[in-house]
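I opened a notebook page for this chain.

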Amino acid sequence: MENDTCPKRSESGEQLACPGLILPLFPGEEDWNQGFRGFLYLVALLWSFMGVAIVADIFMVSIEVITSKTKKIKLTNPSAPGGIEEVAILVWNDTVANLTLMALGSSTPEILLSIIEIVGNEFFAGELGPSTIVGSAAFNLFVITAVCIVSIPKGQTKRIRTIKVFMVTTSFSIFAYIWLFLVVSVISEGVVQLWEAIVTFMCFPILIIIAFIADKDYCGEKKETTEIELGVGEGEKFFTAGHDVDREVVRDFMKEVGKHPDIDETMIAKLVAIERQQHQHHSRGWYRVNASRNMTGRSKVEEQDPQALELYHKIKNKELPALSKEDLEYGTENAVVEFSATSYSVMENAGRVKVGMVRRGNTKNQVMFKYETLDGTAESESDYVPQKGTLVFEPEETEKFIEIEIIDDNEWEPDETFFVKMTLEEKPSGIVLGKHPITEVTIINDDEPGTLEFAKTSFLVTENIGNAELPVQRLNGCDGRIEVTWRTKDIEAVNGKDFEGGEGTLVFEHGEREKSINIPIIDDQEYEKDESFQVELFDPTGGAQLGRLKKTVVTIINDDDYKTILDRVVNITHINMDRLKLGNSSYGDQFVDAMNVNGGDVENATFGDYITHLLTFGWKVIFAIIPPPSFLNSGGWITFVVALAFIGLLTAIIGDLASIFGCIVGIKDSVTAITFVALGTSLPDLFASKTAANNEKYADAAIGNVTGSNSVNVFLGLGTPWVIAAIYWSSKGQDFCVPAGSLGVSVVVYTICALLCVSLIAARRFLEPFGKAELGGPMPTRYMSGAFLVFLWFMYVLLSSLQAYEIINL
């Protein structure tokens with residue numbers, strides 16, 4: 001219905017050349033071939049979606065930094081020194097953070113698109129922004145929920161923990177779209193009055209207040225717990241001051257790990273990091289950042305050592321047998337291949353050098369690996385004949401040799417070296433490289449059997465190291481097979497109590513230059529001072545001599561002192577946890593991350609990472625100029641503001657690209673919005689929610705925040721531009737007109753489908769056939785639920801599109 005008080009759009013606003021706020025950039029572009037032009041705009045639109053995912057990632061990182069701020073408080077704790085324990089609690093309540101900065105982080109493109117469209121449209125209402133908000137809400141509620149329901153592993157279920165908060169945000173999300181329909185179609189049809197715009201915007205702080213009350217359970221029965229006394233709500237966290245890794249968790253877990261003395265401190269730190277992660281709640285923002293980085297070839301925020309993860313599950317499930325140190329590092333099912341010695345020597349006139357390779361661990365299967373020679377000071381073709389090939393260990397075969405030809409040029413030269421390196425095929429199955437995948441070959445000019453001595457005068461080992469490895473070097477020749485006997489001598493450490501010593505023989509085959517004496521160290525789990533013992537070489541055979549360092553002292557450093565070892569492990573754990581931090585610490589780190597695939601971690605980069613890195617390289621470098629969260633100790637706020645400005649600029653470009661593309665191919669703005677734009681801005685949320693559904697103990701991070709985000713989209717994404725436009729037109733004595741058109745029908749269809757979706761979620765929580773959980777449950781009902789929700793989304797898009805083209809009139 002035409003309103004006489006509505007402002008009239010100028011004739012310039014009715015051009016047929018598909019203009020945008022910024023685009024087109026080229027004069028006369030409308031005269032290009034329209035098919036080619038449409039293709040260019042489609043590619044540019046898809047590429048821009050990748051750009052907005054990257055800058056939204058940076059924006060979300062700043063939010064994570066802001067909301068992770070803590071404050072210290074003191075608690076009475078009789079077991080703590082002085083009876084007082086200092087703890088750090090998060091300043092931001094999780095619910096408030098999710099509904100304010102986190103929701104803003106995930107919904108910024110949609111919100112800014114709506115604001116930019118109104119301001120750039122001379123304060124006239126457009127269709128792209130509002131329709132994108134409704135379309136994004138539909139995709140989030142229907143498709144993301146469907147994916148999360150069916151993606152849970154078979155036999156598992158996950159429920160929403162903060163159910164009261166979910167009920168509040170769900171109620172507001174339904175109310176938001178009912179209110180939207182009332183404003184544009186009922187209360188003052190076709191007109192948004194200033195009071196309506198203000199009420200729409202004010203629903204945002206009202207939602208936050210009510211959700212906060214629900215989270216704190218102020219209206220329920222007060223619980224007498226430390227968390228309530230601290231003012232810590234159901235979704236909040238607190239940590240021991242000075243450590244975000246709980247020392248009690250570390251200590252208890254170390255007691256269990258201590259039953260397996262072969263596990264060293266580095267492996268313990270990895271295990272503790274995994275244990276900490278199992279008890280750590282990640283926000284939806286954390287998952288969204290990780291999803292964006294997976295999509296754009298950036299460094300991942302969560303990398304776990306597969307061997308450590310396997311060992312962790314065995315310890316937790318009490319399934320860990322008496323594993324060797326190699327088992328911990330390589331896995332019990334793998335074949336481990338490496339060179340039999342770390343270095344070889346050969347006389348220049350010997351003609352050939354024989355290099356040994358060994359296979360340990362699983363010897364049941366056939367395994368294959370590659371090898372090649374690499375120049376050192378010796379040069380291929382002039383000092384030796386290069387080799388490159390593939391070797392195969394047949395079942396039960398444990399030793400292989402290759403022979404490399406040495407070139408004798410009859411000229412005096414100093415000793416020269418080259419290397420032989422092992423490599424594996426990409427992502428091999430059942431085979432790993434051992435500690436010695438490279439060996440050194442030295443070409444010498446003498447034929448002496450050599451001189452034997454220890455590599456160092458003393459060695460320091462921890463009590464839980466398992467085996468002390470003492471390298472013995474063969475110098476000044478390596479001709480022939482020789483042996484040397486070794487024996488231990490007690491000092492403070494006692495053989496049989498602190499270590500397993502005695503006598504033994506070390507054998508050097510022809511050409512081998514370094515071998516190690518392995519002496520088991522006994523961890524008695526008792527406090528002791530540092531203790532030492534001596535190892536001595538004697539009686540070499542084959543003409544070999546003993547060198548200057550024929551004795552060495554091994555000192556066992558006590559690691560049962562609680563404070564010392566705990567501090568060491570906690571510090572190492574912090575290093576592992578630092579790898580999970582989202583933000584870079586400096587501009588240099590940002591540009592390294594931007595210019596290298598997978599942030600420089602090439603070894604773990606996939607083929608897809610290389611492709612996405614190539615496609616997004618330009619965006620990465622551009623957005624690397626955004627200040628890092630630590631810049632000027634701003635706590636992330638400078639990053640927040642600058643990233644928001646970049647998102648605004650890129651969103652304006654996306655709005656133009658979408659509008660012009662739709663104009664070229666004959667698609668209405670409302671249809672473009674609920675399909676291309678809504679999907680492009682919501683895909684990172686889809687992958688983030690799917691990951692959260694699989695990794696989190698509860699369903700909150702997966703679907704619990706969807707309804708809150710949908711509410712914020714309306715209250716901020718429409719409330720803010722409506723207030724701006726209503727004030728503008730009120731100052732001119734005119735109404736701000738928003739024709740209901742297809743938007744009103746789209747809202748009605750979405751609201752009906754949303755009510756059906758929420759009813760299904762409620763039924764899944766309380767009915768046995770669904771497993772009494774929002775996510776997972778019996779396979780038939782979970783797939784039926786997922787199919788029904790996808791059907792709702794399809795019906796929403798279909799009916800809204802048919803109405804937009806006036807094929808049907810609802």
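I started with pLDDT, the predictor's confidence in each residue, from 0 to 100. A contact means heavy atoms within 4.5 Å. This is a predicted model: local features need pLDDT of at least 70, side-chain atom pairs count only at pLDDT 80 or more, and totals for chains, interfaces and linings use all residues. Residues are numbered from 1 along each chain as its sequence is written, and side-chain values use heavy atoms, with hydrogens and water left out.

**Confidence.** The chain averages a pLDDT of 81, and 80% of the residues score at least 70. I found pLDDT under 50 over residues 560-565, where the model has 12 contacts beyond four places in sequence. Residues 222-245 also stay under 50, with 54 such contacts.

**Sheet.** I looked up an open sheet of 4 strands, ordered E20-E17-E15-E22, with mixed pairing. Strands E20 (514-520) and E22 (545-546) are at the edges with a single partner strand each, so one side of each has no neighbour in the sheet. Strands (E, at least two residues) and helices (H or I, at least four) are DSSP runs, numbered from the N terminus. Two strands pair if DSSP finds at least two bridges between them. E15 (residues 451-454) and E17 (residues 467-475) pair in the antiparallel sense over 4 bridges. Glu 453 has Gln 473 in E17 as its bridge partner.

**Helix.** Which helix holds Phe 39? I found Phe 39 in helix H1.
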